[in-house]
Amino acid sequence: MKPFFFLLLLAQFVSLSVNAEGWKKHTVMEKGRNSTAVAADYDGDGDMDVITSYPGTIALFLAPDWTEVPLYRFPNMRGTCIHSETLDIDGDGDMDWAGSEAHTGPFWLENPGDGSGAWTKRQIDNDIRGIHCVLKADVDNDGKEDLIINNFEPKGPLADSVAWFRIPKNVKKAETWDRFVFADGDARGGSHYFGFGDIDGDGWGEIAIGAKGAPFEDGNWYAYWKNPGKEGVEGAWEKTIISENQLAATNIKPGDLNGDGKVDYLASRGHSQGVLWFEAPDWKPHEIDPEMKSPHSLVCADLDGDGDLDGATCGYESEKVSWYENDGKGNFTIHVIGEGQQSYDLRALDMDGDGDLDLLNAGRATANVAWYENPQ
């Protein structure tokens, strides 16, 4: 082969794997439609592995070759998880998994720690259904992570409600976890994803939610519930509306986006279009990317290592992955880092151990899980 044609072919190959922004796409799996993916070193070898769910199966994919290890088979072979988290539930030093189908109770899988598929399934709760989000956070400030879980449907024992769950002392023998309902029937409208962070500076984290609306009534809003803190996190939480008439709101994440010392919110309208942020304390809206269609996933993190918080999303209708570079004052530059890719769940974490944050994406109807290597 002549050198010119060899270099031409090589350039074409590189263009398929590295985009103009320098972010390189790595495919973990292409086995079917999926809604959530999490990563951790599950087998203790130092590499970041991935757990995801495709129809009928929850599976672990072991790095670096992404060898599949099935962890759980759903009785209904079309079953798949709507959302998930990874945390050390039993306190043994390895990372376990928690999640749920949309219409069944949440459960967790105990990691045996050896990379095998012998993960034990245990229930978290039997009553909460219509689940869309599972988020880990230390709600009660005891130094241990809890889970926040919603019922986004107007039916069932915990209709239109959101609860947080404390890991019981003997979690391997407990029938269910300790449940505390903080939004009792006042999260109507198809509640979606949560954001957790201290908004008022009292040291206790508030819980924010977006609600998508149709086909549910009373949605299209963003709100947060104030953590009562020392008065008793198990008691009443006060709801504050951040913004209404936000068509098909889904994601909302806290962070100081303009460097003024106040905690703002980054948000997306994941079932319509647009990424925006709300400026504290009056929650003035600022559009970032009004053209992005169905930005159902959202990240708020320092992606370029300059000390301020950036954003990222993937619109499943736009089929485009973008990150939003913050100048530190709340002005954002759009960078497109991937095309032909859908998303339902996007995470920022260091996948390759080089010290910067990469993006892990659950690909929805593009039927893949992929991670994007940060060139920083």
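Q: What is the volume of the largest pocket?
A: This is a predicted model, in which local features need pLDDT of at least 70, side-chain atom pairs count only at pLDDT 80 or more, and totals for chains, interfaces and linings use all residues. Residues are numbered from 1 along each chain as its sequence is written, and side-chain values use heavy atoms, without hydrogens and water. A pocket is an open set of points on a 1 Å grid over the protein atoms alone where a 1.4 Å probe fits, with protein on both sides within 12 Å along at least five of seven lines. Filling the largest one with probe spheres set on its points gives about 630 Å³.

Q: Which residues that line the largest pocket are the closest to its centre?
A: Lining residues have an atom within 4 Å of a point, and the largest pocket has 28 of them. Look around its centre and you will find E85, L135, K253, L346 and R347.

Q: Which strand gives the most to the lining of the largest pocket?
A: Strands are DSSP runs (E, at least two residues), numbered from the N terminus. Those giving two or more residues to this lining include strand 2 (37-40), strand 6 (83-87) and strand 26 (345-349). With five residues, the top contributor is strand 26.

Q: How much space lies in the second largest pocket?
A: This pocket is lined by 14 residues. I89, D142, K144, I167 and P168 are the closest to its centre. The space in it comes to about 250 Å³.

Q: Is A63 buried or exposed?
A: You can find A63 in the loop between strand 4 (57-62) and strand 5 (67-73). Its relative accessible area is 11%. Buried means under 20%, exposed over 50%, and partly exposed in between (1.4 Å probe, protein chains only). A63 is therefore buried.

Q: Which residues is A63 in contact with, leaving aside its neighbours within four places in sequence?
A: Contact means heavy atoms within 4.5 Å. K172 is 109 residues from A63 in sequence and 28 Å away in space, C-alpha to C-alpha. The contacts of A63 are D45, D47, M48 and D49.

Q: Which strands stand at the edges of the open sheet of four strands?
A: The sheet has the order 2-3-4-5, with antiparallel pairing; two strands pair if DSSP finds at least two bridges between them.
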